[in-house]
Amino acid sequence: MAAKILITFYSTYGHTFKLAQAVQRGAETAGAEVRLRRVAELPQAAEAMKNDENYQAAQQSMSHLEEVTHDDLRWADGIAWGTPTRYGNMAAQVKQFIDTTSPLWSKGELEDKASGVFVSTATQHGGQESTILSFHIPLLHLGMILVGSPYGQNPTLFNVENIHGGSPYGPSTIAGGDGSLQPKEGDLEMSIKLGTRLAKVSERLASLRG
Ligand SMILES: Cc1cc2nc3c(=O)[nH]c(=O)nc-3n(C[C@H](O)[C@H](O)[C@H](O)COP(=O)(O)O)c2cc1C
């Protein structure tokens, strides 16, 4: 049976959203049924950003997506989480949502489901790896099985000729200090591959869970 994959993300300026769409393409290529959901904005952030045109345009481009719910988490066989970096960690919006999951945690409802993480940072060494690795901590508490981006499937990881995102921990992109950069071909390729791998692993785990 086709895996059910939830891709859920928060994005201020749209870079993480672009990776999420690529993860979606990869999961669909593997035959998965996909839900793409955004994490709800925090009112304080919306208020602080209300005069930022780039923020408004990005939020508008995502406004057709439903907000993620606990039922989406229950529905999924595998989950891809996307976040921009905030001081080397996940964004508060995503943490706030994860911190509502104790009803699922207490019943082990996410245990033995697959999970992968993708991120956006402003700069090359601004915390891509720390964001993904620290994101893994709550996922492990929830009992999820981590899916990364291994070298064999991701030749982009060997590219040292130019600046790009991606690590064995997961796909990523570099937005630039002013947000003017866009995901590179390799960043999108790694995101597609995460979606495909997550779908394949989730399908097998679903059959093991019975
Ligand atoms: C409060 C705050 C903290 C941030 N911390 C970092 C950081 O530690 N490293 C970094 O490279 N970028 C940092 N950024 C920049 C964001 O990661 C960047 O805007 C984001 O990756 C763009 O992705 P998005 O378009 O999906 O929002 C920070 C931005 C904000 C608002």
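Select H15 and the ligand: an N or O atom in the side chain of H15 is 2.7 Å from an oxygen atom of the ligand. That pair falls under polar contacts (N or O atoms within 3.5 Å; within protein, one must be able to donate a hydrogen and the other to accept it, and residues adjacent in sequence count only if both atoms are side-chain atoms). The protein buries 77% of the 640 Å² that the ligand exposes when taken alone (Shrake-Rupley method, 1.4 Å probe).

The model is predicted, with local features needing pLDDT of at least 70 and side-chain atom pairs pLDDT 80 or more, while totals for chains, interfaces and linings use all residues. Numbering runs from 1 along each chain as its sequence is written, and side-chain values use heavy atoms, without hydrogens and water.

Next, the backbone. Pick G14: one of its backbone N or O atoms lies 3.0 Å from a ligand oxygen atom. At G88, a backbone N or O atom lies 3.2 Å from an oxygen atom of the ligand.

Now show the whole shell. It holds 17 residues, with S11, H15, T16, S120 and G126 coming nearest (a heavy atom within 4 Å counts as near). Color α1 (15-29) and β4 (114-121): each supplies at least two shell residues (DSSP runs; helices H or I, at least four residues; strands E, at least two).

Last stop: S172, in strand β6 (172-174). S172 is buried, at 2% relative accessible area (buried is under 20%, exposed over 50%, partly exposed in between; 1.4 Å probe, protein chains only). The S172 side chain makes a polar contact with the Q128 side chain at 2.5 Å. Then select G166: its backbone nitrogen lies 2.6 Å from a polar atom of the S172 side chain.
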